[in-house]
Amino acid sequence: MEDWYRVCRKHMNCRVRVHTRNGVYEGTIVNVDRDNLYLRPSGDLRISGWYGPGFGFGYGFDILALSLFTLLAIALI
């Protein structure tokens, strides 16, 4: 997870596509801590995954918290 933390910190405020074990999400990285990536979704809340509309955590309902433990890949878009 330490590697994901560094990658996410490096790409703060960038638009990304995040692949997790639970789905694929697009948005802007607004924060990261040692456990979670905080993503402001762009457009629809998700591309695919199990989170429904209105899900949010920590920063209000427009921010999605994704566990660094579930990350599989991050791509800049």
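The protein has one helix and six strands, taken as DSSP runs numbered from the N terminus (helices: H or I, at least four residues; strands: E, at least two). Along the sequence, the order is α-β-β-β-β-β-β. This is a predicted model, so local features need pLDDT of at least 70 and side-chain atom pairs count only at pLDDT 80 or more, while totals for chains, interfaces and linings use all residues. Residues are numbered from 1 along each chain as its sequence is written, and side-chain values use heavy atoms, with hydrogens and water left out.

Now for the inside. A nonpolar core is a set of buried Ala, Val, Leu, Ile, Met, Phe, Trp, Tyr and Cys residues joined through side-chain atoms within 4.5 Å. The largest one holds 13 residues, and C8, V18, L37, L39, L66, L68 and L71 touch the most other members. At least two residues of this core come from each of α1 (2-10), β1 (15-20), β2 (23-32), β3 (36-41) and β5 (64-67), with β2 giving the most, three residues. Setting aside neighbours within four places in sequence, L71 is in contact (heavy atoms within 4.5 Å) with W4, C8, V18, H19, T20 and L37.

Out in the loop between α1 and β1 sits N13. Its phi is positive, at about 65 degrees, although N13 is not a glycine. Most residues other than glycine have a negative phi. N13 is exposed, with a relative accessible area of 61%.

Note on methods
Buried means under 20% relative accessible area, exposed over 50%, partly exposed in between (1.4 Å probe, protein chains only).
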